[in-house]
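User: I would like to learn how to read charged side chains in a model. Please take me through them case by case.

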Amino acid sequence: MTKHTFIRKIRNRIDDATVSSVTLYLDTMIDIITETLINGEGVQLYGFGEFVPVDRPERNSVITMGNRKGETYIVPASKGVKFKAHKGLKDALNGGEKE
């Protein structure tokens with residue numbers, strides 16, 4: 001689902017919402033989640049899941065294709081994010097009721 005489609009679905013469920021107001025709220029939510037993750041903190045949305053920042057250490061890797069196949073190179077350290085689904089979401093995905 002695209003962001004545009006997501007905004008339209010929210011707009012259709014809330015009678016007095018406008019596309020611009022839903023867009024503003026969604027953009028604000030994304031900004032707050034991003035800022036929180038940048039600060040090294042996780043974000044929990046009860047019944048849905050948790051966004052957790054992770055540090056990926058520098059590692060060695062091997063080229064597997066092309067004329068440089070077999071050469072080793074260094075993948076630099078990086079930051080990322082993991083999503084951990086909460087029980088309510090897992091249950092809903094597996095045919096149960098969402099809590």
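Analyst: Asp-27 has a relative accessible area of 27% and is partly exposed, because buried means under 20%, exposed over 50% and partly exposed in between (1.4 Å probe, protein chains only). This is a predicted model, where local features need pLDDT of at least 70, side-chain atom pairs count only at pLDDT 80 or more, and totals for chains, interfaces and linings use all residues. Residues are numbered from 1 along each chain as its sequence is written, and side-chain values use heavy atoms, without hydrogens and water.

User: With which residue does Asp-27 form a salt bridge?

Analyst: A salt bridge is a side-chain nitrogen of Lys or Arg within 4 Å of a carboxyl oxygen of Asp or Glu. Asp-27 pairs with Lys-3, with 2.4 Å between the closest N and O atoms. Lys-3 is in helix α1 and Asp-27 in helix α2, so the bridge ties together parts 24 residues apart in sequence. Helices (H or I, at least four residues) and strands (E, at least two) are DSSP runs, numbered from the N terminus.

User: How many salt bridges does this rule give?

Analyst: The count is 4. Among them is Asp-91 with Lys-87, at 2.6 Å between the closest N and O atoms. Both lie in helix α3 (residues 87-93), 4 residues apart, about one turn of the helix. Lys-87 is exposed at 54% relative accessibility, whereas Asp-91 is partly exposed at 25%.

User: Is Glu-50 buried or exposed?

Analyst: Glu-50, in strand β2 (residues 49-56), is buried and has no salt bridge.

Note on methods. Lys, Arg positive; Asp, Glu negative; His and termini not counted.
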